[in-house]
Amino acid sequence: MSGSSVMQGASLSEVSSAMAVNRRPWGKFKEWVIETLLLLAALSSVAITLAIMFILVKESWTFFQHVPIWDFLTDTEWTPLFDNPRYGIMPLISGTLVSSAVALCIAIPVGTAIAMYISEFAPFKMREAAKPILELLAAIPTVVYGYFAFLVVTPLLQKFFPELPGFNLLSAGLVMGIMIIPYVSSLSEDAMRAVPMHLREGSYAMGATRFQTAWKVVTPAAFSGLAASYILAISRAVGETMVVALAAGMQPNLTWNPLEPAATMTAYIVQVSQGDLPHGSIGYQSIFAVGLTLLLITLAFNILGYWLRKRYREVY
Amino acid sequence: MEPTAVAEIRRLIAKAKRWDLVFSLIGLLALSLAVMVLVGLFVNLLSQGAPRISWEFFSNFSSRRAGSAGIAAAWVGTLLVMLVTALTAVPLGVSAGVYLEEYAPKNWLTGLIEINISNLAGVPSVVYGLLGLGLFVYLLGLGQSIAAAGLTLALLILPIVIVATREAIRTIPRVIREGAYALGATKWQMVSHHIIPYSSAGILTGVIIGLARAIGETAPLITVGAAVAIFSYPSSPVKSEFPFLSFDWLHESFTVMPIQMFQWTSRPDPAFQVNAAAAGLVLIVLTLLMNGFAIWLRYRLRKNIKW
């Protein structure tokens with residue numbers, strides 16, 4: 001009985017090793033082909049980045065042949081579609097900054113409070129219930145938020161500020177802030193969770209309360225992670241499109257007052273794309289120049305956030 | 001200890017503990033703000049839009065009269081665009097994720113790819129629209145078509161699919177790989193027989209979340225060039241003669257649900273804004289169902305798999 005099974009085992013291994021020898025050249029080639037294909041798929045992400053840069057720079061290049069870069073950065077009017085066009089990006093940047101600032105005034109305090117509550121205070125069940133709700137909030141399409149800002153929040157605000165125009169940066173910013181809360185809260189919570197337990201235990205052992213521990217121990221320890229989450233929130237707010245396009249209007253307006261209507265960089269891109277501008281016209285190229293500006297701004301924030309996050313990971 | 005000192009300490013402790021309560025309330029309030037917005041949004045769309053939801057709303061095309069306008073072109077467009085997006089983003093994203101987790105050596109190239117992916121996730125969606133416009137519409141000559149729109153959204157959700165794939169693969173313990181190698185499997189056999197099947201539910205979660213995001217994306221598709229109004233269905237992808245599949249629809253102009261909603265919202269006539277609410281209701285139910293399913297799937301996975 002045992003002899004026959006040994007015999008069988010030997011013959012099996014002989015057969016399989018013979019097969020392996022036969023198969024190996026083809027098998028090795030196949031493995032190589034698969035690995036190369038997978039590598040190409042991974043490299044596609046690099047290709048996308050390069051393609052974004054190429055397209056934006058190529059179209060902006062012809063734009064900047066017509067418009068001196070100095071005028072682009074300093075002129076105070078943006079009227080590319082008028083008979084007498086002016087190409088100063090300042091009004092679009094001011095609209096973007098004001099709406100983003102309003103959004104951050106909502107998103108940062110509320111997002112941080114939620115993160116601190118979920119990470120340090122909430123009982124387990126509450127935490128399990130809260131996270132999916134925040135995730136759903138992040139999943140709502142931005143155009144729905146835009147509808148909400150334009151047709152619900154603005155009329156509501158007009159009850160308090162009767163002279164508020166139908167398009168305004170305030171309601172766009174407020175709704176955008178709510179939209180960004182989940183991004184802030186989830187990244188901030190990750191940062192707070194990454195603070196090692198022994199720091200909290202040490203604090204409790206010294207007789208500190210929950211709030212003292214959360215505020216004086218966990219928050220400073222998670223600081224760079226929190227900062228990273230805020231910076232990524234800024235970059236979200238700057239790049240957000242549909243809410244501002246619907247609720248803040250599409251009229252470029254150099255202003256720092258959130259009660260006024262103003263176009264953002266993203267709203268301008270949407271406005272031009274909606275019309276039928278011929279390919280290659282200066283108006284067509286202008287959206288790429290604005291897109292390039294937008295990309296560079298968000299890229300700077302993303303790199304800063306990435307760097308901050310890397311740093312806090314290395315601390316412990 | 002003197003009784004007064006004890007009383008003093010008690011008072012200090014009570015004062016410190018009061019802050020615990022205050023902050024718990026602040027946290028709950030912040031959380032309930034999020035819940036209230038979610039509920040408020042839903043209730044508002046429901047009360048405004050629900051009366052418009054009918055069979056005709058789904059089968060009618062655009063119209064100048066709000067009462068007879070529908071989302072036929074929009075939902076068919078969304079379906080076809082998502083088909084292109086999924087067929088592009090899933091194979092590409094899963095392959096990239098598998099490469100990065102199972103094959104990639106630790107070198108500068110891998111580091112570059114990783115930084116790139118996290119960076120791509122932070123690029124504003126409207127910039128992807130500009131990429132689609134410059135690359136797919138004009139450079140590759142696809143025109144303002146379903147193909148160009150689907151490919152643009154595929155690039156947009158690629159980082160989501162890659163990250164989800166990597167996270168799903170990372171939960172598979174080392175012993176599985178070692179076991180497969182010990183039985184003489186080649187690397188690809190190990191990956192295709194073990195890694196991909198075991199991570200498929202996790203990958204599915206990421207794919208659903210990515211597609212739900214793509215369904216709601218508006219700005220990049222406006223930039224790529226959605227049609228203002230479409231009055232007929234695109235040509236069918238299935239036909240009766242050989243080879244039974246037709247790809248003409250890829251080159252046809254498109255509109256999708258969020259764009260239809262955007263156009264209706266920006267019309268001054270309140271009757272169209274009711275249509276926008278109805279379209280928004282369909283959209284939000286769709287995305288919430290998809291995300292809810294993904295969350296449920298992930299919860300099940302976490303609970304049931306014990307390696």
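Predicted model: local features only at pLDDT ≥ 70, side-chain atom pairs only at ≥ 80, totals over all residues.
View 1. Welcome to chain A, which is built from 12 helices and has 0 strands. Reading from the N terminus, the order of its elements is α-α-α-α-α-α-α-α-α-α-α-α. The radius of gyration of this chain is 28 Å, well over the 20 Å that the globule rule gives for 316 residues, so chain A is more spread out than a compact globule. Its C-alpha trace spans about 95 × 65 × 35 Å along the principal axes. Even so, 48% of the 316 residues of chain A count as buried. If you look at contacts in chain A between residues at least 6 apart in sequence, 74% of them join residues at least 24 apart.

**View 2. Where chain B meets chain A.** Here you can follow the contact between the two chains, to which chain B gives 69 residues and chain A gives 71 residues. On the chain B side, the largest share comes from helix α1 (residues 3–49) of chain B, with 18 residues. What kinds of residues make up the side of chain B that touches chain A? There are 45 nonpolar, 21 polar and 3 charged residues on that side.

**View 3. Helix α6 of chain B and its bend.** Helix α6 of chain B covers residues 146–170, which makes 25 residues. From its first C-alpha to its last it reaches 35 Å, close to the 36 Å expected at 1.5 Å a residue. Look for Ile157(B), where α6(B) bends by about 45°; Pro159(B) follows within four residues. Of the 25 residues of α6(B), 22 are buried, so this helix is largely enclosed by the rest of the structure.

**View 4. The largest nonpolar core.** This core has 188 residues, and Val175(A), Ala233(A) and Val243(A) are the ones that touch the most other members. The element that gives the most to this core is α6(B), with 17 residues. Zooming in on Val175(A), and leaving aside residues up to four places away in sequence, you will find that it touches Tyr145(A), Phe148(A), Ala149(A), Val153(A), Val243(A) and Ala247(A).

**View 5. Helix α10 of chain B, a covered helix.** Is helix α10 (residues 257–265) of chain B mostly covered or mostly exposed? It is mostly covered, with 9 of its 9 residues buried. Among the buried residues of α10(B) are Met257(B), Pro258(B), Ile259(B), Met261(B), Phe262(B) and Trp264(B). Gln260(B), Gln263(B) and Thr265(B) are buried in α10(B) too.

Terms used: Residues numbered from 1 in each chain as written. Chains lettered and ligands numbered in written order. Contact = placed C-beta atoms within 7 Å. Helix = DSSP H or I, 4+ residues; strand = E, 2+ residues; numbered from the N terminus. Nonpolar A, V, L, I, M, F, W, Y, C, P; charged D, E, K, R; others polar. Buried ≥ 20, exposed ≤ 12 C-beta atoms within 10 Å, placed from the backbone. Rg over C-alpha atoms; globule rule 2.2 N^0.38 Å. Expected span 1.5 Å × (residues − 1). Bend = angle between axes of the 7 residues up to and from the residue. Core = buried A, V, L, I, M, F, W, Y, C linked by C-beta atoms within 7 Å.
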